[in-house]
Amino acid sequence: MRITVVGLGYVGLVTAACLAEWGHRVTGIEVNPARIRALQEGQLPFFEPGLAEILEPAVRRGDLAFAHADDDASLTDADIVIVAVGTHDGNGGWQTATVQTCLTRVVPLLHDDATLVVRSTLPPEYIRQLGDIVDGLRAEVGRPSVAVLLNPEFTREGRAIHDFMEPDRVVIGIVSDPQSHGVERLRGVYERADAPILVMDAVDACLSKLGANLFLATKISFANELARLCEASGATIDNVVAALSHDQRIGGAFLRSGVGFGGSCLPHQVSMTVRTAEASGLDVPLLRAVDHVNREQRTSFVERMRRLLGGSLTDRRVALLGLAFKPDTDDLRDAPSLTVARLLIEAGADVVAYDPMPAARSGAAERVPGLTVVESVGQAVADADAVGIVTEWREFIEADWVAIGLTMRGRILVDGRNALDAEAMRALGFAYEGYGRPAADAILEPAMATAHDAAAAAGVPASA
Ligand code: UGA
């Protein structure tokens, strides 16, 4: 199958590479000439585990090529054209102008038997108009209607290749399928996925995508509220969630409490849904609360730091570990780290941050005035009064916390992802505080002279 993917961001590039891996002849087109040049030279615009490993061989085999969006042939010759351009305005609102511009360019060029597939996440009210928009663009050039389908993506950054190749389900929404073979064609593409393929009306497909993310966000905010109840009653969220997760009606996924959800999808899709619903007079109190709880998780991180530091952050040196919105990505979009860093700096702290991803480090330094970004955990924690984990990178979980304790000035540790073992950290002399775990008292003057002494006293091997 000849497939063209329009828009080579996180969704489009993963889609293009995976379809080429499945043996299709894929062209990825994009308006940004610098991105095309970089891809043609073998450089990826972002980090995604496993992407380079399938993309480079596909390009070498000739199954995957990149071209500028003005390349007509990639549109006129394609059996399937997949639209994967961005649709949010970066400010909690939908932005449909880009997809509209894209359709205006793409639709008139499609051959009469082509199938147009929209993979970008769009609001239901736009999806309801999509058939008329496409038919109108075809009519303007005197050409017949084409099949128009929605094919929402359910791929997590950091796991996108896996999620594409082995999805839990594939959803195909029908906007229009005049000759009735658009759906069969797309179904054929996904045969390799060995997953249930659900075919439905396009608006249902749109709500299936939004509904999945809204539910995941709700689970996280629920876990965070449950963590508050745990803190208030001296319970431990880890045990409570472990018990909940054995109930098959609940499950254990997306119940990790901490600094809350970030990224380009969950926060925006919650706030965009709330905004759109309210504008049309629809009350969505649950989703408003999901958003509210999530925002508070970030401010709560700063308040924990402040309290443990004796009530003031002024001139305190705070090390932040983790900038990307989650591990295994370098994406900073709506990353909790940026809010936390800004709030700490506003409160007078001297904030030094580290993330294993160079792009996350440089991006954060650009976006947060006053933030110092360093190249290693060691540089971040040296002389720090407090350290906070914002992203649960393996590097931080496996770090030598004895050595970290020795190089710090204070021993405050706020674990924004409940990533570390609270008891082990306290045994090392840290005033450790997670979310929903019994609180620590501030240890400004640790009783133990050094982390080594603490480790020895606790019987924990000190490797530093
Ligand atoms: C999310 C969905 O999981 C994907 O299915 C969807 O395709 C994608 O959005 C999208 O709409 O494009 P993603 O934003 O990559 O994927 O990240 P998630 O893995 O969902 O994590 C989102 C945020 O929630 C992260 O900041 C993560 O740290 C946080 N999180 C996750 C928690 O705070 N607790 C949890 O238990 C799980």
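A charge sits over a ring if NZ of Lys or CZ of Arg is within 6 Å of the ring centre and within 35 degrees of the ring normal. Here, Lys209 lies over the face of Phe154, at 5.9 Å from the ring centre, and the charged end of Arg304 sits over the ring of Tyr435, 3.9 Å from its centre.

This is a predicted model, where local features need pLDDT of at least 70 and side-chain atom pairs count only at pLDDT 80 or more, while totals for chains, interfaces and linings use all residues. Residues are numbered from 1 along each chain as its sequence is written, and side-chain values use heavy atoms, with hydrogens and water left out.

Now for the rings. There are six aromatic pairs in the structure, counting rings of Phe, Tyr and Trp (its six-membered ring) with centres within 6.5 Å; planes under 30 degrees apart are stacked, over 60 edge-to-face, and the rest tilted. Two of the pairs involve Trp22:

| Pair | Centre to centre | Angle between planes | Type |
|---|---|---|---|
| Trp22 and Phe164 | 5.3 Å | 50° | tilted |
| Trp22 and Tyr190 | 6.1 Å | 85° | edge-to-face |

Helices (H or I, at least four residues) and strands (E, at least two) are DSSP runs, numbered from the N terminus. Tyr190 lies in the loop between α8 (182-189) and β8 (197-201), so its pair with Trp22 ties together parts 168 residues apart in sequence.

Together, Trp22, Phe164 and Tyr190 form one aromatic cluster. Trp22 has 8% relative accessibility, so it counts as buried (under 20% relative accessible area; exposed is over 50%, partly exposed in between, with a 1.4 Å probe and protein chains only). Phe164 is buried at 2%, and Tyr190 is buried as well.
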